[in-house]
Amino acid sequence: MKKLLVSSLTIILSFSATSILAEQKMDHDDMENMAPKAETSDQQITHSAIGTVTKVDISSKKVTLVHEPIESLSWPAMTMGFMVQDDKLLDKFKVGETVDFEFIKAEKGYVITKIK
């Protein structure tokens with residue numbers, strides 16, 4: 001009986017540790033398969049986040065951020081690229097700076113609409 005209990009606990013702990021490690025290694029590609037909490041096609045939900053800028057790519061109109069967890073989408077902290085809604089926003093992002101930003105889910109991915 002003790003062997004069964006120890007084996008069961010070992011399996012449970014292994015799965016828990018694997019889940020934690022997998023969560024920490026999530027990136028933008030993983031997010032495409034995750035559904036947001038309550039987004040509907042009838043309305044465009046704006047999400048808020050805080051992140052540190054790691055890259056600004058003017059040619060692709062994309063900003064890469066290491067962002068904190070985003071509760072409205074049940075996302076853990078991760079690094080991911082965002083498109084910008086307006087090219088003028090690109091001038092506001094500086095590598096190394098921490099920013100508050102708002103974004104929406106668009107047809108082609110997640111798009112930053114505002115930087116605070």
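Reader: Which residue is the bridge partner of H47 in strand 4?

Author: The bridge partner of H47 in strand 4 is F103. Please keep in mind that this is a predicted model.

Reader: How many bridges are there between strand 1 and strand 4, and in which sense do they pair?

Author: Strand 1 covers residues 47-57 and strand 4 covers residues 98-106. Six bridges connect these two strands, and the pairing is antiparallel.

Reader: What do the five strands make together?

Author: The five strands close into a barrel, and their order around it is 1-2-3-5-4. The pairing in this barrel is mixed. On average, neighbouring strands of the sheet are turned by 55 degrees against each other, with direction ignored.

Reader: Where does the parallel part come in?

Author: Strand 3, which spans residues 78-84, pairs with strand 5 in the parallel sense. Two bridges join strand 3 and strand 5, and M83 stands opposite V111 in strand 5.

Reader: And strand 4 with strand 5, how do they run?

Author: Strand 4 and strand 5 run antiparallel and are joined by six bridges. They form a hairpin, with two residues between the strands. In this pair, A106 stands opposite G109 in strand 5.

Reader: Is strand 5 mostly covered or mostly open?

Author: Strand 5, residues 109-115, is mostly covered, since five of its seven residues are buried. For the protein as a whole, 28% of the 116 residues count as buried.

Reader: Are F103 and Y110 buried or exposed?

Author: Both F103 and Y110 are buried.

Reader: How many aromatic pairs are there, and which residues form the cluster?

Author: The count comes to six aromatic pairs. One aromatic cluster is formed by W75, F82, F101, F103 and Y110.

Reader: Which residues of the largest nonpolar core touch the most other members?

Author: The largest nonpolar core has 20 residues, and those that touch the most other members are L65, W75, F82, F93, F101, F103 and I112. Strand 3 gives the largest share, with four residues.

Reader: What is L65 in contact with?

Author: With neighbours within four places in sequence left aside, L65 is in contact with G51, T52, V53, T54, M78, T79, M80, F82, V99, F101 and I112. In the protein, among contacts between residues at least 6 apart in sequence, 52% join residues at least 24 apart.

Reader: I also noticed E102. Where does it lie, and is it buried or exposed?

Author: E102 lies in strand 4. Its relative accessible area is 17%, so E102 is buried, the limit for that label being under 20%. Beyond its neighbours within four places in sequence, the contacts of E102 are T46, H47, S48, V111, I112, T113, K114 and K116.

Reader: New topic: which residues other than glycine have a positive phi?

Author: K61 is one of them, with phi near 55 degrees. S74 is another residue other than glycine with a positive value, its phi being near 60 degrees.

Reader: Where are K61 and S74 placed?

Author: K61 is in the loop between strand 1 and strand 2, while S74 lies in the loop between strand 2 and strand 3. K61 has a relative accessible area of 36% and is therefore partly exposed. S74 is partly exposed as well, at 41%.

How values were computed. Residues are numbered from 1 along each chain as its sequence is written. This is a predicted model: local features need pLDDT of at least 70, side-chain atom pairs count only at pLDDT 80 or more; totals for chains, interfaces and linings use all residues. Side-chain values use heavy atoms; hydrogens and water are left out. Two strands pair if DSSP finds at least two bridges between them. Axes are lines fitted to C-alpha atoms, for helices over the stretch in contact, and angles run from 0 to 180 degrees between N-to-C directions. Buried means under 20% relative accessible area, exposed over 50%, partly exposed in between (1.4 Å probe, protein chains only). Contact means heavy atoms within 4.5 Å. Rings of Phe, Tyr and Trp (its six-membered ring) pair if their centres lie within 6.5 Å; planes under 30 degrees apart count as stacked, over 60 as edge-to-face and the rest as tilted. A nonpolar core is a set of buried Ala, Val, Leu, Ile, Met, Phe, Trp, Tyr and Cys residues joined through side-chain atoms within 4.5 Å.
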